[in-house]
Amino acid sequence: MSLHISKENCVGCTLCVKACPFAALTMVEKKAVVNLDLCTLCGACVAECKFEAIALKREKTDFVNLESKGVWVFCEQKRGVIQSVSYELLGKGRELATKLKTELCAVLLGHEVEQKTQELICRGADVVYLVDHPALKNFLDDPYTNVLVRLIKKYKPEVVLSGATSVGRSLISRVAVKIHAGLTADCTGLDIDEHKRLLLQTRPAFGGNIMATIITPNHRPQMATVRHKVMKEAAIDPKHKGRIVKETFEEDTFVSRTKILDVIEEISSTVNIAEADVIVSGGRGMKGPENFKLLEDLARALNAAVGSSRAAVDSGWMPYSHQVGQTGKTVCPKIYIACGISGQIQHLVGMQSSKTIVAINSDPHAPIFQVATFGIVGDLFEVVPLLTKKFKEAFE
Amino acid sequence: MNSVIVCIKQVPETTDVKINPETNTLVREGVKSIINPFDMYAIEEAVRLKEKFGVKAIVLSMGPPQAEAALREAISMGADEAYLASDRAFAGSDTLATSYTLAKAIKKIGDFSVILCGKQASDGDTAQVGPGISTHLDIPQVTYVKKIEEIKENTARVERMTEEGFEILECPLPCLFTVVKEINEPRLPSLKGIMKSKSAKIHLLTAQMLELEEDRIGLKGSPTQVVKIFSPERRKGGEIYSGAAEEGVDKLVAILKKELYA
């Protein structure tokens, strides 16, 4: 396994040097030279080179099972409610299944959730694989992993998708290792190479500063977790027909080593920021915990969730579960309203893929304005209450 | 209780990774390497368990030789021993090959009760290696742990963050936890720790020492392949209004209406 540079083909254009995220390439006497101590064999330079001067030597292994078929969506439910990311994946999954000329299948694990299968069919599923068992009521790594592994081994899907949620990221990582499949985390773009039947998985890396497109050429299924709020929800079509396949497994499949003692919901009063279409977020400029009431008022008017920068969480003004940014949550709402947030890069990576960004800040040079769709330079203690008032008036 | 093993990764300090708008490439000058910020909480938690139960805190990393610096920093915070899995044969590893290699390294290191990992690395952001390790080792896991409430008689009770709040879980040891920021406040290295870290031995683990299956490591053991790397479309700033609040808010209400009900 190594990177080979052909001195004959290399014209010294330096494209590869610029493309390398790890500074492993340099020009020596107008030819590219690789420092193998820094190179991670990521292949970025190979894709960039216009002269076929760089090659990644990879011995071909072949694990592609030609029988594998179907695009699967793991449909996450909590307390019997299908999570919206599942509908988003069914929307994207339909597009992928059409390109692959195969079926779109939903996988539903839970307890007493059979009535939910119709919902999934209305959202485009041609098949719903249902495993209903008391041990699957709440998510637990062991039984969920065992069941999904067995289903995949039995039906051999070509593609498996799941939301990049706290459930999906735990579960799918385990499943992929059990079946030795390739897995790409946290995708924001999915497409199909129809000719090679490959899933093209695009995701941000380095905190959103670069994007990478990843494939799984020689293994099936091709697995990916997908970010919330990036894909469009599948439309409801009550006429869509699908079949339900109920599966049962022997009892030891459902045994869990971990046990849930209690489930505590903290964010019941406000909307969950990962799910919200609108987020009103506050930072250091809020000056104190008591002032977050202004944001809560605005959030109520907009039916929004309240978010926070790290500065406000570290000051103890807001709980960590509301933190947006590199060490908090990555969000992608339709509208993100940043109040008194300067816009440090660590915050921006958590929210810069929001559709519309509004910034309210007294400092006209705050970096948040560089990413804002609309910004107001002003005193948030004047602007925010006025906005709440005017927005309410507009809808009376 | 047996040892605690912490898996850490050396990453570029992402705040320094910026795009040059003219060439549209990553600006690398002055990019420092640091311990993945999420791993700092894992190291701190391991040192706390060490102090509470009198067990060894062992730190493990996989990476190029320069990742040694990250391990020394962990020792300065209170870790007892450090292992570095480093070999040219590991280059190009994706999360499957990485978690296989680290799991084999852990087996080599010996008995343990708890494995701690940060919830994800700040460069790749995958959150897949922790769960991958526990699966390879066939031990239970709890991800997104925000508190270790209690450990007794080979059972742990922990709090796991969810989107809506948290769950309290009980699990048998040995177990793997991935931890979130809320779990603790990492300490600064002590002077004694810094002195110790300078002379500490970093145990090197090579592919041969770990008796790895050749086709499960590095590029060959990695089912996923990066085919393209590019810069995301940079967001451009829009209208910035700095006049009277009244007028600015009117404009904003119009924008919100359009976005919400279009």
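A few ground rules come before the details. Residues count from 1 along each chain as its sequence is written, and chains are lettered from A in the order in which they are written. As the model is predicted, local features need pLDDT of at least 70 and side-chain atom pairs count only at pLDDT 80 or more, while totals for chains, interfaces and linings use all residues.

**Chain A overall**

Chain A has 10 helices and 22 strands; helices (H or I, at least four residues) and strands (E, at least two) are DSSP runs, numbered from the N terminus. Its C-alpha atoms fill a box of roughly 65 × 65 × 40 Å along the principal axes. Of its 396 residues, 52% count as buried. Buried here means 20 or more other C-beta atoms within 10 Å of a residue's own, exposed means 12 or fewer, and partly exposed is in between, with C-beta atoms placed from the backbone. Take the contacts in chain A between residues at least 6 apart in sequence: 64% of them join residues at least 24 apart. A contact needs C-beta atoms, placed from the backbone, within 7 Å.

The domain bounds come from an automatic or database domain assignment:

| Domain of chain A | Residues |
|---|---|
| domain 1 | 2-57 |
| domain 2 | 71-254 |
| domain 3 | 278-394 |

The C-alpha centres of domain 2 and domain 3 of chain A lie 33 Å apart. Their contact takes six residues from domain 2 and five residues from domain 3.

**Helix 5 of chain A**

Helix 5 covers residues 141-155, and its 15 residues reach 21 Å from first C-alpha to last, close to the 21 Å expected at 1.5 Å a residue; the expected span is 1.5 Å times one less than the number of residues. Its buried residues include Y144(A), V147(A), L148(A), L151(A) and I152(A). Who covers them? The cover includes strands 5, 8, 9 and 10 and helix 6 of chain A, together with strand 9 of chain B.

**Where the chains meet**

The contact between the chains takes 92 residues from chain A and 77 residues from chain B. On the chain A side, helix 6 gives the most, with eight residues. That side divides into 46 nonpolar, 28 polar and 18 charged residues. For these classes, Ala, Val, Leu, Ile, Met, Phe, Trp, Tyr, Cys and Pro are nonpolar, Asp, Glu, Lys and Arg are charged, and the others, Gly among them, are polar.

K259(A) stands opposite E170(B), and V263(A) stands opposite E167(B). The two strands belong to an open, mixed sheet of 10 strands, in the order 17(A)-11(B)-10(B)-9(B)-12(B)-8(B)-1(B)-6(B)-7(B)-13(B). Strand 17 of chain A and strand 13 of chain B are the edge strands, each pairing on one side only.

**A residue in strand 9 of chain B**

E149(B) has its place in strand 9 of chain B. Why does E149(B) count as partly exposed? Because it has 13 C-beta neighbours inside 10 Å. Leaving out residues up to four places away in sequence, E149(B) touches R157(B), V158(B) and E159(B).

Note on methods:
Two residues are in contact if their C-beta atoms, placed from the backbone, lie within 7 Å. Two strands pair if DSSP finds at least two bridges between them.
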